[in-house]
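Below is a colleague's note on one protein structure, written as numbered points. Please keep the structure open while reading.

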Amino acid sequence: MVTGCASLPRTSYAAGDAAQARVLDLADLRRYADEPAWRFQSLRSQAAPRGPLTYLALSGGGADGAYGAGVLSGWSETGTRPSFSLVSGVSTGALIAPFAFLGPRYDQTLREVYTSGVAETLLESPNPFNAIFGSGLFGNKNLRGLVARYIDAKFVAEVAAEHAKGRRLLIVTTNIDSQRTAIWDMGRIASLRTTESLNLFRDVVTASASLPVVFPPILINAEANGRQFQEMHIDGGVTAPVLTLPEAYLLRNASMVKGERLQLYILINNKVDQEFQLTDNKTVDIAGRSSSTMVKGLTRSTIASTYEFARRSKLGFNLSYIGGERPTSPPGFETAYMRDLFQYGYDKARSNHAWSHAPPADGLDATPASETVAALPTSARN
């Protein structure tokens, strides 16, 4: 039994190989977040898409992705949801991002993914031996199957068609070998229109949603210096709770549409307000509370720095997140909880109360920025 759970040995490769690695024999399918800003020029289109530039960034959050799915669906109902120039997704946000990119006609698909109960099947039949001798408590067969069920060749061809119009779809994974944040150009991958590129598209989405220990990592074939090997990729949220691109990229693209401001929409599938909670003096409880505190702190820091960048650059800043009054997410993917959260996000967006224009206030007793903005008349909010 132990032998069956043991992980398979990997082909060794060095840091020099990792630095020169190509996927599908191409060097422009992804970039790393720590690369110089000029390296991101390959993500730019020769011609900007028509209309105001809009950037939707979707965060991680597991089952709380039901919130983002609900917000997008409710936003569609208002008739004001834009066709985003750029969409990025991390973790559960990576599952949402391709459908958000293709527009409201996929709202029903998002509703199905997050409210039908299919998500609960992702955590069926845990194997404790896998956590010790393998690479994940749960296998990734169900997660891979979920991605493949909704992302087929026709779907990827639609992404390629939008990419050709100048729109961009980015998914974030963590290369755990190199400890770097990988930003994949999904439209470029889709444009290859091969069986291998379809498989890579699915692998990247699956990898971004593969929470460490819970799901096994995804091994992605690469080559460098005449050698073939596999990179190990996991949840993008390990290194980036939500994707913020280099300033040079955003500013160059913002200047491509004269007289129009780039609108940043940051959709956080999580709570960001500081919350008091008496933590039991037990290892599991302390570990869980520490992890959630770390993620929340990094998310708040990312939001604050993005807000300051937007303010300096005179860009539109829009933020949506789960209110502190909502119940804490239960373990796993509980269908009743996800349905309720989807409806909560839907109702907020449908009533035009989903977006605030400032970061959350500091302090446990502070009024959340989202509530403050929602109380203002439309003219004041703008």
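**Notes on the model**

1. Buried residues make up 50% of the 382 residues in the protein chain. The model is a predicted one, and the values in this note are computed from it. The accessible surface of the chain comes to about 17700 Å². Carbon and sulfur atoms account for 53% of that surface.

2. The secondary structure consists of 15 helices and 9 strands. Take the contacts between residues at least 6 apart in sequence: 78% of these join residues at least 24 apart. Several of the points below give examples of links across the sequence.

3. Which residues touch the most other members of the largest nonpolar core? They are Leu56, Leu72, Tyr114, Trp184, Met186 and Phe201, in a core of 73 residues. Helix H4 (residues 92-102) supplies the largest share of this core, 8 residues. Apart from it lies another core, of 26 residues, and its members include Leu170, Val172, Phe309 and Leu315. As background, nonpolar side chains in soluble globular proteins tend to be buried together.

4. Leaving aside residues up to four places away in sequence, Leu56 touches Leu72, Phe84, Leu86, Val87, Ser88, Ala100, Tyr265 and Leu267. Ala100 in this list is also one of the buried residues of H4.

5. In H4, 11 of the 11 residues are buried, so the helix is largely enclosed by the rest of the structure. Among the buried residues are Gly93, Pro98, Phe99 and Phe101. Just after H4 comes Gly103, which takes a positive phi of about 105°.

6. How many aromatic pairs does a search of the whole structure find? The search gives 12. In the pair formed by Trp75 and Tyr265, the ring centres are 5.1 Å apart and the planes stand at 55°, so this pair is tilted. Trp75 belongs to helix H3 (residues 65-78) and Tyr265 to strand E8 (residues 263-271); the pair links distant parts of the chain, 190 residues apart. Trp75 is buried, with a relative accessible area of 6%, and Tyr265 is buried as well, at 13%.

7. The rings of Tyr307 and Phe317 have centres 5.1 Å apart and planes at 75°, so the pair is edge-to-face.

8. Some rings belong to a group. Ring pairs link Trp75, Phe84, Tyr265 and Trp355 into a cluster.

9. The charged end of Arg111 sits over the ring of Tyr346, 6.0 Å from its centre. Arg326 lies over the face of Tyr344, at 4.5 Å from the ring centre.

10. Thr302 is a residue of helix H12. Thr302 counts as buried because its relative accessible area is 14%, and the cut-off for buried is under 20%. A polar atom of the Thr302 side chain lies 2.9 Å from the backbone oxygen of Leu298. Not counting residues up to four places away in sequence, Thr302 touches Pro241, Val242 and Thr244.

11. Where is Arg10? It is placed in the loop between helix H1 (2-5) and helix H2 (15-19). Arg10 is partly exposed, with a relative accessible area of 34%. Its side chain makes a polar contact with the side chain of Asp177 (2.8 Å), and a polar atom of the Arg10 side chain lies 2.5 Å from the backbone oxygen of Gln230.

12. Arg10 is also an example of a link across the sequence. Arg10 and Glu231 are 221 residues apart in sequence, and their C-alpha atoms are 9.5 Å apart in space. Beyond residues up to four places away in sequence, Arg10 touches Asp177, Leu219, Gln230, Glu231 and Met232.

Note on methods. Residues numbered from 1 in each chain as written. Predicted model: local features only at pLDDT ≥ 70, side-chain atom pairs only at ≥ 80, totals over all residues. Heavy atoms only, no water. Core = buried A, V, L, I, M, F, W, Y, C linked by side-chain atoms within 4.5 Å. Buried < 20%, exposed > 50% of the residue type's maximum accessible area, 1.4 Å probe, protein only. Helix = DSSP H or I, 4+ residues; strand = E, 2+ residues; numbered from the N terminus. Contact = heavy atoms within 4.5 Å. Phe/Tyr/Trp six-rings, centres within 6.5 Å; stacked < 30°, edge-to-face > 60°. Lys NZ or Arg CZ within 6 Å of the ring centre and 35° of its normal. Polar contact = N/O pair within 3.5 Å; in protein donor to acceptor, adjacent residues only side chain to side chain. Areas by Shrake-Rupley, 256 points an atom, 1.4 Å probe, with all protein chains shown as cover.
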